[in-house]
Each structure stands twice: as structure tokens, then as C-alpha cells.
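The sequence and model are shown first.

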Amino acid sequence: TDTLTHTFQTELQYKRGGYQLELQGSISSRSDWEPWGLPGNTEFSPDQKDYLRWQASFAKTWFFSKFRTFSMELEHLDGSDLDRFSRYDFGIFGDSSVGGYQSGLVRADSADGLHLETGVNLGNLLRFQLEGDAVWATNEETGLDNELLAGIGIGGSLALPWDLFTNFEIGYALDGPGEGDVAARIVFLKLF
């Protein structure tokens, strides 16, 4: 069934000297919450009409000569009364990106992650990076209990002529339910 979800979200960020601390929380309420899926679906619960999500992350970026950088991020994702539509996602466009994982492949009620990234950034013209991700995800409903999701990726962006900008990423899943999968995206943006 279709429904509208109303969300109130608050976020606190602190950035200084290459350090970044971020705290985020949201409360959501669905206008209607009726049984969905096939008759007899055991995933539906009326308690999931309203749900909470919160996350905390800490990151540090080191800047080296010749436009090189290295960064590390630690994160914790959690919530209550989450269902298949509100759980955390780990694809390229997900709540926490893991190289090689497609959006929607794994959803979790809680997760802890470590993300490493190194690259070269030449102003706004060229950015190239290598990424490594490890996330331990838990979802009792699907049997995930601190399941390791690990992947590596290559990404970057490039400014092109005619105010055209491209961004790309390709990843390979090293461990977990998506092991051996490849996920990629390429985006072209026209600036006006």
C-alpha cells in the first residue's frame, strides 16, 4: 500500500583541522501503515508505523604534498522499529557505502563501519580515489549477526568542457552476501 512518511531530522556536525564529527537522528511517522506484500506476510508489524533512526560518525583526513589525501571514518548506525523500507542500506547510494554492494542487497537494523580512502585531488578539475570499506551489519529478521560486508572501490570526478562534470565509482565486494559482485555508477552533470 502507498503511504506518506513525515520525518523530523536533526544533525550536528563539527569540522576542524581535518577532523569531522557528525551526529544525526530522525523520527518518522507514516500516515497509513497497513499490511503489505502477500497475504500472511510475517514481516509486517503495526509497531513499525513510527520509527527512529540515529547515527554517529568520526572521520579524520590527512593532507599530504602533491595534492594527496588519506582519510579514515568510523561510524555507528542504529534505530528502533525499523522494517524493510526503513532499515539501513549499503549500496553506492545507500546510507553507508560499501564497494561492490548494490543498493537494496543488504538492509540492517544496526551496523558499525570502517571506511578508508586515499586519493589525489587537483582542485575542482580532477579527483581520483581508492576506497576500502568494512561494515558489520545486524538484522535479526534475515539472520545477519555482525555480518562482515567488505568491499573495495575506485572513484573520481572530472571537470569537462562546456560546464560538464562527471562523477564515477566502481566497486568489488570482497566478503559478505554480495561477495564477488561488482557495482558501478557514472553520472554526468551539466552546470548552468
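## Asn-121

Asn-121 is partly exposed, with a relative accessible area of 34%. Buried means under 20% relative accessible area, exposed over 50%, and partly exposed in between, with a 1.4 Å probe and protein chains only. Asn-121 belongs to strand S7, residues 110–122. Strands (E, at least two residues) and helices (H or I, at least four) are DSSP runs, numbered from the N terminus.

Leaving out residues up to four places away in sequence, Asn-121 touches Phe-67, Leu-126 and Arg-127; a contact means heavy atoms within 4.5 Å. Asn-121 and Gly-156 are 35 residues apart along the chain, and their C-alpha atoms are separated by 9.1 Å.

## Basis of the model

The model is predicted: local features need pLDDT of at least 70 and side-chain atom pairs count only at pLDDT 80 or more, while totals for chains, interfaces and linings use all residues. Residues are numbered from 1 along each chain as its sequence is written, and side-chain values use heavy atoms, with hydrogens and water left out.

## Fold and overall dimensions

The chain has 11 strands and zero helices. Read from the N terminus, the order of elements is β-β-β-β-β-β-β-β-β-β-β. Along the principal axes, the C-alpha atoms fill a box of roughly 60 × 40 × 30 Å.

Of the 192 residues, 33% count as buried. Among contacts between residues at least 6 apart in sequence, 49% join residues at least 24 apart.

## Surface and charge

The chain exposes about 11,600 Å², of which carbon and sulfur atoms supply 59%. Accessible areas come from the Shrake-Rupley method with a 1.4 Å probe, and for residues only the protein chains shown count as cover. There are 14 positive and 29 negative charges, and their mean positions are 12 Å apart. Lys and Arg count as positive, Asp and Glu as negative, and His and the chain ends are not counted. Each charge is placed at NZ of Lys, CZ of Arg, CG of Asp or CD of Glu.

A nonpolar surface patch of about 680 Å² is made by Phe-128, Leu-130, Ile-152, Ile-154, Ile-170, Tyr-172, Leu-174 and Val-182. Two or more residues each come from strand S8 (126–139), strand S9 (144–160) and strand S10 (164–175). S10 gives the most, with three residues. Patches are made of residues with over 30% relative accessible area and no salt bridge; like charges are joined within 9 Å, and nonpolar side chains (Val, Leu, Ile, Met, Phe, Trp, Tyr) within 5 Å. Phe-128, a patch member, lies in strand S8 and is partly exposed at a relative accessible area of 40%.

## Salt bridges

A search of the whole structure finds six salt bridges, each defined as a side-chain nitrogen of Lys or Arg within 4 Å of a carboxyl oxygen of Asp or Glu. One of them joins Asp-95 to Arg-53, with the closest N and O atoms 3.0 Å apart. Asp-95 lies in the loop between S5 and S6 and Arg-53 in strand S3 (residues 50–63), so this pair ties together parts that are 42 residues apart in sequence. Asp-95 is partly exposed at 33% relative accessibility, whereas Arg-53 counts as buried at 17%.

Arg-87 and Glu-141 meet in another salt bridge, at 3.5 Å from N to O. Arg-87 lies in the loop between strand S4 (68–80) and S5, and Glu-141 in the loop between S8 and S9, so the pair links parts that are 54 residues apart in sequence. Arg-87 is buried, with a relative accessible area of 6%, and Glu-141 is partly exposed, with 40%. For Glu-169 and Arg-185, the closest N and O atoms of the salt bridge are 3.2 Å apart. Glu-169 lies in strand S10 and Arg-185 in strand S11 (residues 182–190), so parts 16 residues apart in sequence are tied together. Glu-169 is buried at 9% relative accessible area; Arg-185 counts as partly exposed at 21%. Salt bridges with shared partners join Arg-87, Asp-109 and Glu-141 into one network.

## Ser-97

Ser-97 is found in the loop between strand S5 (88–89) and strand S6 (107–108). Ser-97 is partly exposed, with a relative accessible area of 24%. Not counting residues up to four places away in sequence, Ser-97 touches Phe-90, Gly-91, Ile-92, His-115, Asp-133 and Glu-169. The C-alpha atoms of Ser-97 and Lys-49 are separated by 27 Å, at 48 residues apart along the chain.
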